[in-house]
Amino acid sequence: MIADKMKNMVANSSAIRAMFEEGNRLAQIYGAENVYDFSLGNPNVPAPDAVKNAIIELLEDSDPLILHGYTNSNSGYEDVREAVAVSLNERFGTNFAARNIVMTVGAAGGLNVILKTLINPGDEVIAFAPYFGEYRSYTNNYDGVLVEVSPNTVDFQPKLDEFAEKITPKTKAVIVNTPNNPTGVVYSEETIKKMASIMEEKEKEFGTEIYLISDEPYRELVYDGVEVPYLTKYYHNTIVGYSYSKSLSLPGERIGYLVIPDEVTDSGDVQSAANVATRILGFVNAPTLQQKIVARCLNEKTDISYYNRNRETLYQGLKDCGFECIKPEGAFYLFVKSPVEDEKEFCAAGKKYNILMVPGSSFACPGYVRLAYCVSYETIVNSLPKFRELSKEYQTK
Ligand code: PLP
């Protein structure tokens with residue numbers, strides 16, 4: 001019999017699996033080109049050529065025993081960590097060294113490593129709705145308690161008054177995700193400054209450490225020149241979790257890193273514990289070949305213009321049909337207001353037109369649906385007449 005704790009997890013994950021299976025089923029009946037699957041955040045811009053070249057060069061030039069071996073440190077190759085630190089310093093004016101970097105198995109691996117490192121049973125982890133639903137599971141993995149700040153549906157910046165009220169002596173961590181999945185919103189510098197001062201005050205008031213975990217797999221995916229503040233500069237106890245899944249289109253390769261700056265309280269202990277957590281969670285180390293690849297591709301970028309064209313076309317098309325949504329500044333998601341209160345009903349109606357959308361309740365924000373526009377441009381263009389038909393059911397226009 002499976003563990004009690006897993007029973008809920010299995011029940012919850014079946015909804016996502018069901019959607020995936022539904023996409024495949026519809027594709028078999030109607031042909032993949034007639035299915036408008038906006039459910040998955042899987043990049044569809046190929047990885048830059050530099051990735052392929054780096055793989056070939058590495059395979060040809062390196063000692064296979066080293067390239068495919070365990071790394072000597074569970075935190076990753078020293079030269080890779082050094083290269084990541086130097087690149088961050090150049091871009092953000094920070095002062096990191098190799099000791100501040102832990103290579104991870106994507107952002108998901110990094111989040112699990114840092115939560116394992118920090119969380120005692122019963123500790124509270126705050127997240128701002130709407131948020132990536134896995135935060136709840138990851139927190140639960142370490143018997144932490146996820147505390148939600150309710151969504152601000154005006155502009156989807158975090159509700160800071162409610163945030164301040166929800167911080168307690170048990171608050172150990174706060175997770176922010178900007179650019180955000182599922183809204184595409186970038187938290188403004190003003191928001192970040194206010195958030196930092198609230199956390200500083202609360203640390204003093206309670207005599208506790210409150211760590212800010214910046215989950216930022218979408219950092220590089222921003223439009224119209226929007227700046228994404230680098231959070232370590234605003235708050236001393238910030239830990240960054242980064243991933244190459246979206247920025248280099250390598251989600252299956254499972255590679256990213258954590259930044260644990262020296263300014264973090266007990267930074268040496270946190271860095272050592274993250275190293276041990278990487279090992280004992282069973283990751284052992286981030287994939288060695290992938291570490292070497294990304295170190296050679298630190299200046300590479302995905303083709304943001306591809307996603308931007310999708311963003312503009314889908315956003316305008318949906319507005320023209322009378323749907324309400326705010327224009328995303330980053331990531332590759334649109335968060336659309338459901339024309340009926342129960343957004344699951346709206347998702348079900350979408351399926352009649354072969355449109356697949358994810359209900360906002362998966363992100364703790366019912367009444368909305370998420371569309372992942374990391375699909376082909378044809379899918380976007382061809383979906384618009386279907387959205388129009390769907391809109392007529394609700395007389396949005
Ligand atoms: N965090 C957020 C907000 C995400 O959207 C995702 C993936 O979609 C992840 C973390 C996990 O990313 P990774 O593939 O790097 O583990």
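Start by selecting Glu312, which is partly exposed at 32% relative accessibility. Keep in mind as you look around that this is a predicted model. Is Arg311 buried or exposed? Arg311 counts as buried, because its relative accessibility is 1% and the cut-off for buried is under 20%.

Next stop: helix H7, residues 160–166. Pick out Glu162 and Lys166, which lie four residues apart in helix H7, about one turn of the helix. Their side chains make a salt bridge too, with 2.9 Å between the closest N and O atoms. Color the pair by accessibility if you like: Glu162 is buried at 17%, while Lys166 is partly exposed at 29%.

For the last stop, select Asp143 and Lys5. What do their side chains meet in? A salt bridge, at 2.8 Å from N to O. Asp143 is in the loop between helix H6 (134–141) and strand E4 (145–149), and Lys5 is in helix H1 (residues 4–30), so this pair ties together parts that are 138 residues apart in sequence. Asp143 is partly exposed, with a relative accessible area of 41%, and Lys5 is partly exposed at 38%.

Note on methods:
Residues numbered from 1 in each chain as written. Predicted model: local features only at pLDDT ≥ 70, side-chain atom pairs only at ≥ 80, totals over all residues. Heavy atoms only, no water. Salt bridge = Lys/Arg side-chain N within 4 Å of Asp/Glu carboxyl O. Helix = DSSP H or I, 4+ residues; strand = E, 2+ residues; numbered from the N terminus. Buried < 20%, exposed > 50% of the residue type's maximum accessible area, 1.4 Å probe, protein only.
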